[in-house]
Amino acid sequence: MIVGEQKPLEEIWEMIKIHKQVLVFGCNTCVAVCQQGGNKEAEVLASMLRMKATQEGVDIEITNSGIERQCEHEFFEKSEKEIQGSEAILSTACGIGVQFMAEKYAKPIYPGLNTTFLGAVEQFGVYTERCQACGNCVLGQTGGICPIARCAKRVMNGPCGGSTKGKCEISKDVDCAWQLIVDRLKLLGRMDDYETLTPIKDWSTDRAGGPRKLVREDLADE
Amino acid sequence: MKNLLPKVGINPERIEMFNLSAAMGPRWAEICTEFTEKIRVLGPSPIWFALKARKEKAA
Amino acid sequence: MSKETKTPSKLEKILAAGHLGVTSECGPPRGSDPAHIAEKAELIRNHVDAINITDNQTSVCRMCSLAVCIRLKTMGIEPVLQMVTRDRNRIALQSDILGAASWDINNILCLSGDHQSFGDHAKGQNVHDLDSMQLLQTVRRMRDEGKFLGGDDIQRPPAMFAGAAANPFADPYEIRVPRLAKKIAAGAEFIQTQCIYNVDKFEDWMKKVVDRGLHEKAYIMAGMTPMKSAGMARYMKNRVPGMDVPEEVVKRLADTPKEKQADEGIKICIEDMQRIKEMPGIAGFHIMAIEWEEKVPGIVEAAGLYPRPEV
């Protein structure tokens, strides 16, 4: 799922303090899982901002609400009136939700989160990056571990010379993706695959090729 | 909670969670007394001062 | 036992003729004044067959390797263009290779490059459009097929002698030899190893390399870096990824009085070189003494590798 991290309170405050009324708007899917921008978090954030406003002596009405997902039109229906009645929105969704709202509403929509990565919940409270959405998945060749998302240099024929005791040269807290791949290939009895050269990647399906789009002709209306 | 409060300039000692059953009357009284004293020593919170300032400004 | 050569590279000719090759390394300046590096190259020119010019090593921004290699060519010195894939995409990489070839630079060392967080521009992007193995493939395709990666023909293909780095000491240990095999399959014709302090471990690696016949497919050059002090030994042991410095080496230096530690470090280097010289499969040495280039001639002579052969 998409992981984000709430922006520092000071930064958020600086963005919204110019308004007289702000709606703090949560998204209850991905960013609720990592406990950063869900409807509950939006409620708490609104409360903190009210306390901040009081102490700063700033006259601002801060309300809060939220929907299931901010990346699909239908979920906005029930909050339409509330949104239209607000001066500005502080969205605690990921960058997608913020942009989607900006496209829908002729109002200032501020990001309450820094969207960081696509990842998994390794354990409750620990979220780590797993996918870079490169558009051309190589997981079949690497035993199910992605060298693009998990290698700091996205080496396709790794490991590089900096791999030390299973950790990446950039930090002891980062696993060497290629150590993981080698371990996995060993586990699956496919160590011979290690010497197969991975062909040069076609990055045109990645961000490099431009903003991406998928259309299901059979599903999309005119 | 204790992590969030300092971000808005409030001493985290102002909030505490106690677990009690309805039968623990004396302990309840004890906690109330102790905590009230603690808060009394800490004095009014920044929010209290801010609200006071706002009221005075309006006056 | 003379092998055929594929490029005009002086380094290739020496190695092909069966001599032990000797290369060294210089780091470009952090500015646009070429004087200092020209001096360093001049200092060692007669004691080495070619000089590697590093490419923004440790991700610290320096004068580019290509510019320095060109200058060396004008001085009549044989350069090895080091190229990392961290900073350039495939267009720039191929472009720089052509630029180098236009100045008759015939040696290239293909590397991934240290992560930018190590250097002075940690906020920058990294590219890694290709990795070091794919860069080797690219160089060989440009030379042997005369084609760009995109498929078009290259007017006057670059005659590059392609090299790669190998680290016999990095983790995971079990793939160190398969990894070398992979680099050679990708196109590496010469290999420069990470600097060696654990000679036993290196010997073990070389035995495995020879067992697979890899020493006949590529020239293996042993990397050597003399220690300047016990402090340096400790730093390299503890702080540098992929480095294996045995405790005995640190102890030997630590037990030496401070003002004699540098000499002791050089002594260790020469002793190791003499031992490595005798190992089957060794084609030469790559002496890395960055900011200590003045010691290189002495090391080369003491290791019995002077004068350098003429080709």
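**The sheet of chain A**

In chain A, four strands make up an open sheet with parallel pairing, in the order β3-β2-β4-β5. This is a predicted model, in which local features need pLDDT of at least 70 and side-chain atom pairs count only at pLDDT 80 or more, while totals for chains, interfaces and linings use all residues. Residues are numbered from 1 along each chain as its sequence is written, and chains are lettered from A and ligands numbered from 1 in the order in which they are written. Helices (H or I, at least four residues) and strands (E, at least two) are DSSP runs, numbered from the N terminus; two strands pair if DSSP finds at least two bridges between them.

β3 (61–67) and β5 (109–111) of chain A are the edge strands, each pairing on one side only. From one strand to the next, the twist averages 25 degrees. Strand β4 (residues 88–91) of chain A runs parallel to β5(A), joined to it by three bridges; Ile89(A) has Ile109(A) as its bridge partner in β5(A).

**The contact between chains A and B**

Chain B contributes 10 residues to the contact and chain A eight residues, where contact requires C-beta atoms, placed from the backbone, within 7 Å. On the side of chain B that touches chain A, seven residues are nonpolar, one is polar and two are charged (Ala, Val, Leu, Ile, Met, Phe, Trp, Tyr, Cys and Pro count as nonpolar, Asp, Glu, Lys and Arg as charged, and the others, Gly among them, as polar).

**A helix of chain C**

Helix α6 (residues 176–186) of chain C is followed by Gly187(C), whose phi is positive, near 130 degrees.

Notes: Two residues are in contact if their C-beta atoms, placed from the backbone, lie within 7 Å. Axes are lines fitted to C-alpha atoms, for helices over the stretch in contact, and angles run from 0 to 180 degrees between N-to-C directions.
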